[in-house]
Amino acid sequence: MKIIDAHSHLWLRQDTKVDGQVIRTTENGRSIFFGEEVQMLPPFMIDGKNSAEVFLSNMNYAQVSAAVVVQEVIDGNQNQYLKQVEENYPDRFFCCGMLNGLEIPDGFKAVAIPAHRLHDPLNSPEMMQMFKQLEQNGQILSICLADDAKQIAEMEEVVQECKNLKIAIGHFGMVTTPNWKGQIMLARHDNVMVESGGITWLYNSEFYPYPSAVRSIKQAADWVGMDKLMWGSDYPRTITAITYKMSYDFILKSNELTDSEKQLFLGKNAEKFYGFTNLVDLPYVKNMSE
């Protein structure tokens with residue numbers, strides 16, 4: 001099985017402001033985040049760098065062939081770094097650019113928008129013009145929505161207006177919140193997929209092996225089909241609590257999903273949607289403790 005991570009993050013250093021509040025790397029994997037110090041990275045990443053090389057080491061160990069790198073405003077604009085990452089590792093990373101205001105960055109096959117951080121409606125004339133430009137460019141939109149009904153309705157209008165714009169809805173529709181079905185149902189449209197980045201964070205109180213997360217994946221598949229769903233880890237933030245491999249092997253080990261469903265969810269759907277080719281075969285390496 002070729003496994004693809006449809007939602008991950010990379011940055012060299014966090015140093016930005018969001019809504020006037022500082023987000024900045026400190027030490028030992030920690031960052032100042034909206035007024036408090038949090039463990040943003042695993043504590044062994046002491047230099048604060050969330051680099052492609054460290055992620056590749058995790059991917060190789062966990063036998064993950066490739067990853068989609070999205071962007072979040074809390075990490076600052078990483079366009080320059082991600083262009084370099086994709087150039088250095090073209091078969092391993094598919095990187096999304098970040099908008100400069102509403103300007104679409106050059107050199108990216110996709111754009112990531114953390115819409116839950118936006119203050120303007122998604123269906124405003126200015127936003128709609130930008131979405132239509134993405135559609136004309138043949139670029140993919142990776143977007144995370146707020147956990148309310150308002151943005152779902154706005155996104156429905158975007159989907160209707162841009163029927164050829166390929167869209168990936170992130171965070172599994174904010175699965176633990178009341179309106180998650182509305183986000184999942186956006187994938188009833190031919191051009192929309194849903195990825196599960198952050199699902200282990202959303203079910204963190206339950207913790208591994210996340211039986212409710214598995215049931216939610218099955219429920220979403222009943223609504224829109226397993227061929228519309230993709231696995232995502234939300235690396236590296238989620239691996240402060242679990243290992244990278246644990247972010248998907250709870251699915252692999254589940255008896256509630258068939259082998260065919262696991263193959264679609266963990267790789268085949270993302271391979272087709274993002275157009276991955278030349279996926280690497282990664283051998284299993286035995287742990288010293290086995």
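## Terms and model

Throughout this report, Ala, Val, Leu, Ile, Met, Phe, Trp, Tyr, Cys and Pro count as nonpolar, Asp, Glu, Lys and Arg as charged, and the others, Gly among them, as polar.

The model is predicted, so local features need pLDDT of at least 70 and side-chain atom pairs count only at pLDDT 80 or more, while totals for chains, interfaces and linings use all residues. Residues are numbered from 1 along each chain as its sequence is written, and side-chain values use heavy atoms, with hydrogens and water left out.

## The largest pocket

A pocket is an open set of points on a 1 Å grid over the protein atoms alone, where a 1.4 Å probe fits, with protein on both sides within 12 Å along at least five of seven lines; its lining residues have an atom within 4 Å of a point. The largest pocket holds about 600 Å³ of space, a volume being the space filled by probe spheres set on the points, which are joined across faces, edges and corners.

Its lining has 26 residues, with Phe33, Ile74, Trp201, Asp234 and Arg237 nearest the centre. By class, 11 are nonpolar, nine polar and six charged. Strand β5 (36-39) and helix α6 (199-202) each give at least two lining residues; helices (H or I, at least four residues) and strands (E, at least two) are DSSP runs, numbered from the N terminus. The largest share, three residues, belongs to β5.

## The second largest pocket

Next comes a space of about 410 Å³. Of its 20 lining residues, Val73, Leu99, Gly101, Ile113 and Leu118 are closest to the centre. This lining divides into 10 nonpolar, six polar and four charged residues.

Here β2 (15-18), β8 (110-114) and α3 (125-137) each supply at least two lining residues, and β8 has the largest share, with three.
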